[in-house]
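Biologist: Can you walk me through this model? I'd like to start with the aromatics.

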Amino acid sequence: MSYHTWITYGYGVRTDNIKVKSLEALQNLIALAPLAKEDFKNWFEENNIESPTIEDYYEYDENDGCHLAAILRMVILETEGVDFTACNKFSDQDFLIYEPIYPWGLTEIDKTMTKEKLESILCKYLSMITEVVPEFGYQEAENGG
């Protein structure tokens, strides 16, 4: 059995250190994306969770373990059409990263994307769930398995 490492590069934000201000704020964020909201509802029913906590929402992403980054990715993709990558750095730091894209892979939204637009999108959604919006910047998340 061999071990393989990879690095996800791009522009974004570290999310594991973001303090979500309340369960209600997280639920209001998710409510913006009806398909994501329905996915959470179904997952909670399948797992017999009647009164979900913030941690229960984080556990939804049980395969990749990206917690808040995965939730933000789902909501932003559904509401804005911008596809970020939710990833982690050897499971101790989570990130939401907009990765560089080859020209032939660009969507119409990607073709007009700027650093300022990315920051505006991140700020819009993060300000809904936290009192202190973290700084955005170039990120590098190394992982392996």
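Modeller: Phe40 and Phe44 sit 4 residues apart in helix H2 (residues 34–46), so about one helical turn separates them. Helices here are DSSP runs of H or I with at least four residues, strands are E runs of at least two, and both are numbered from the N terminus. This is a predicted model: local features need pLDDT of at least 70, side-chain atom pairs count only at pLDDT 80 or more, and totals for chains, interfaces and linings use all residues. Residues are numbered from 1 along each chain as its sequence is written, and side-chain values use heavy atoms, with hydrogens and water left out.

Biologist: Is Phe40 buried or exposed?

Modeller: Phe40 is buried, at 2% relative accessibility. Buried means under 20% relative accessible area, exposed over 50%, and partly exposed in between (1.4 Å probe, protein chains only).

Biologist: What does Phe40 form with Tyr57?

Modeller: A tilted aromatic pair, 5.2 Å centre to centre with 50° between the planes. Rings of Phe, Tyr and Trp (its six-membered ring) pair if their centres lie within 6.5 Å; planes under 30 degrees apart count as stacked, over 60 as edge-to-face and the rest as tilted. Tyr57 is in helix H3 (residues 54–59), 17 residues from Phe40, and the pair links distant parts of the chain.

Biologist: Which residues form the aromatic cluster?

Modeller: Phe40, Trp43, Phe44, Tyr57 and Tyr60.

Biologist: Changing topic: what is phi of Asn48 near?

Modeller: Near 55°, which is positive in a residue other than glycine. Asn48 lies in the loop between H2 and H3 and is exposed, at 70% relative accessible area.
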